[in-house]
Amino acid sequence: DVAVVRTPSNDGWVYVTDFDGYERVILRGKDPDNYIYAGGADVRNATGNLLSEYFEIVEVRNGVKNVLSSSKPGTNKDFRIEIRGNTISAFIDAVKNDPTSGTLHLRSTSTFLQNDPLATYFGIGFNRGGFAINEFTFEAYD
């Protein structure tokens, strides 16, 4: 499931609480096959079950994933994820309504969709059913 909001900007920040690794936030999107997201990774154990705790920053170009960076921060984390120009930053232990909060956890760069006037969608999605994010807040930059 995915929900998106169109904004007037390609840049902004997203705040999410109780991030378990099955959720993803769309940071810059154009269509279902072209977007940048941060969140749950498709990491599976030996029996094929999807694992939580894994976090990644990914470009999806024409439906093909390109992982820019990944980590294992654990579950139930509060994140502020920012995309500004070609820089994507994920801050862990962020505080709602404080756009400078959190400790830098991952940083990646990408020019994908950076100057595309149609790539102005932010949103949220899930890579496994039965999970939710307790809080989702975003703000587009001018």
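In which strand does Asn 34 lie? The first legend answers this, and the other views move on through the predicted model.

**View 1**
Asn 34 lies in strand S4. With a relative accessible area of 12%, Asn 34 is buried. Look for the backbone nitrogen of Asn 62, which lies 2.9 Å from a polar atom of the Asn 34 side chain. Leaving out residues up to four places away in sequence, Asn 34 touches Gly 29, Val 60, Arg 61, Asn 62, Phe 112 and Leu 113. Asn 62 itself sits in the loop between S5 and strand S6 (64-71) and counts as exposed, at 65% relative accessibility. Its phi is near 50°, a positive value in a residue other than glycine.

**View 1. The whole chain, for orientation.**
The protein has 0 helices and 11 strands. Of its 142 residues, 49% are buried. Among contacts between residues at least 6 apart in sequence, 59% join residues at least 24 apart. The accessible surface comes to about 6,900 Å², and 45% of that belongs to carbon and sulfur atoms.

**View 2. The largest nonpolar core.**
This core has 20 residues, and those with the most contacts inside it are Val 25, Leu 27, Ala 38, Phe 55, Phe 79 and Ile 81. At least two core residues come from each of strands S2 (12-19), S3 (23-31), S4 (34-40), S5 (55-61), S7 (77-84) and S8 (87-92). Not counting residues up to four places away in sequence, Leu 27 touches Asn 10, Val 14, Ile 36, Tyr 37, Ala 38, Ile 81, Ile 83, Ile 88, Tyr 121 and Phe 122.

**View 3. Strand S7 between its pairing partners S2 and S8.**
S2 and S7 run antiparallel and are joined by 6 bridges. Within this pair, Gly 12 stands opposite Ile 83 in S7. S7 also pairs with S8, again in the antiparallel sense and over 6 bridges. Here Glu 82 stands opposite Ser 89 in S8. S7 and S8 form a hairpin with 2 residues between them, and Gly 85 in the turn has a positive phi of about 65°.

**View 4. Arg 28 and Asp 11, a salt bridge between two parts of the chain.**
The structure holds 5 salt bridges. In one of them, the side chains of Arg 28 and Asp 11 meet at 2.5 Å, N to O. Arg 28 lies in strand S3 and Asp 11 in the loop between strand S1 (2-6) and S2, so the pair ties together parts that are 17 residues apart in sequence. How buried is each partner? Arg 28 is buried, with a relative accessible area of 0%, and Asp 11 also counts as buried, at 19% relative accessibility.

**View 5. Glu 59 and Arg 61 on S5.**
Glu 59 has its place in strand S5 and counts as buried because its relative accessibility is 4%, under the 20% cut-off. Its side chain forms a salt bridge with that of Arg 61 (3.2 Å, N to O). Arg 61 is partly exposed, with a relative accessible area of 39%. Leaving aside neighbours within four places in sequence, Glu 59 is in contact with Tyr 35, Ile 36, Val 64, Lys 65, Asn 66, Leu 68, Ser 110 and Phe 112.

Side chains of opposite charge can pair when their charged atoms come close. Glu 82 forms a salt bridge with Arg 80, with the closest N and O atoms 3.5 Å apart. Glu 82 is buried, at a relative accessible area of 15%, and Arg 80 is buried too, at 3%.

**View 6. Ala 140 in strand S11.**
Ala 140 has its place in strand S11 (residues 135-140). Its relative accessible area is 22%, so Ala 140 is partly exposed. Apart from neighbours within four places in sequence, Ala 140 is in contact with Thr 7, Pro 8, Ser 9, Asp 11 and Gly 12. The C-alpha atoms of Ala 140 and Tyr 121 are separated by 9.7 Å, and these residues are 19 apart along the chain.

**View 7. Asn 97 in the loop between S8 and S9.**
Asn 97 is found in the loop between S8 and strand S9 (103-109). Its phi is near 65°, a positive value in a residue other than glycine. Asn 97 is exposed, with a relative accessible area of 61%.

How values were computed
Residues numbered from 1 in each chain as written. Predicted model: local features only at pLDDT ≥ 70, side-chain atom pairs only at ≥ 80, totals over all residues. Heavy atoms only, no water. Core = buried A, V, L, I, M, F, W, Y, C linked by side-chain atoms within 4.5 Å. Buried < 20%, exposed > 50% of the residue type's maximum accessible area, 1.4 Å probe, protein only. Helix = DSSP H or I, 4+ residues; strand = E, 2+ residues; numbered from the N terminus. Contact = heavy atoms within 4.5 Å. Pairing = 2+ DSSP bridges. Areas by Shrake-Rupley, 256 points an atom, 1.4 Å probe, with all protein chains shown as cover. Polar contact = N/O pair within 3.5 Å; in protein donor to acceptor, adjacent residues only side chain to side chain. Salt bridge = Lys/Arg side-chain N within 4 Å of Asp/Glu carboxyl O.
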